[in-house]
Amino acid sequence: MPVIKILPHPEFCPQGASLSAPAGTSICEALLDNAIAIEHACDMSCACTTCHVIVREGFNSLNEMEEGEEDLLDRAWGLEPNSRLSCQAILAQQDLVVEIPKYSINHARENH
């Protein structure tokens, strides 16, 4: 099973984490199954960008991006060449290093 190393994030994973998940699982599912409550406002249906992550290592092992994901990623804050929607990024056999961006486009969670 591939190992996903999550870099520290002040809200979702302050100490960072390392977890295993079976190949064929999305990054989002793996995080949620391991009590890392990453945002996923569209219930993992590829309709928003709240589950945006940056894959620092292992990016090329993931499934290819489909057009819908590419279009949505254009709207994500902090977009980088190795950005993916975690609900669409499916694990293969290679280990990953993942960063959860500090900011999200999810206005519903802003504290106003």
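The largest nonpolar core of this predicted model contains 27 residues, of which Ile4, Ile6, Ile27, Ile36 and Leu96 touch the most other members. Such a core is a set of buried Ala, Val, Leu, Ile, Met, Phe, Trp, Tyr and Cys residues joined through side-chain atoms within 4.5 Å, buried meaning under 20% relative accessible area with a 1.4 Å probe and protein chains only. At least two core residues each are supplied by strand E1 (3–6), helix H1 (27–33), strand E3, helix H2 (67–73) and strand E5. H1 provides the largest share, four residues. Helices (H or I, at least four residues) and strands (E, at least two) are DSSP runs, numbered from the N terminus.

Beyond four places in sequence, Ile6 touches Cys13, Gly16, Ala17, Leu19, Leu31, Ile36, Val98 and Ile100, where contact means heavy atoms within 4.5 Å.

The five strands form an open sheet with mixed pairing, in the order E2-E1-E5-E3-E4; pairing requires that DSSP finds at least two bridges between two strands. Strands E2 (17–20) and E4 (83–85) lie at the edges, each pairing on one side only. E3 (residues 52–57) and E5 (residues 96–99) run antiparallel and are joined by three bridges. Val55 has Val98 of E5 as its bridge partner.

The chain has a mean pLDDT of 91, with 92% of its residues at 70 or more; pLDDT is the predictor's confidence in each residue, from 0 to 100. Over residues 107–112, pLDDT stays under 50, and the model has four contacts beyond four places in sequence for this stretch.

Residues are numbered from 1 along each chain as its sequence is written, and side-chain values use heavy atoms, with hydrogens and water left out. Local features need pLDDT of at least 70 and side-chain atom pairs count only at pLDDT 80 or more, whereas totals for chains, interfaces and linings use all residues.

Key. Buried < 20%, exposed > 50% of the residue type's maximum accessible area, 1.4 Å probe, protein only.
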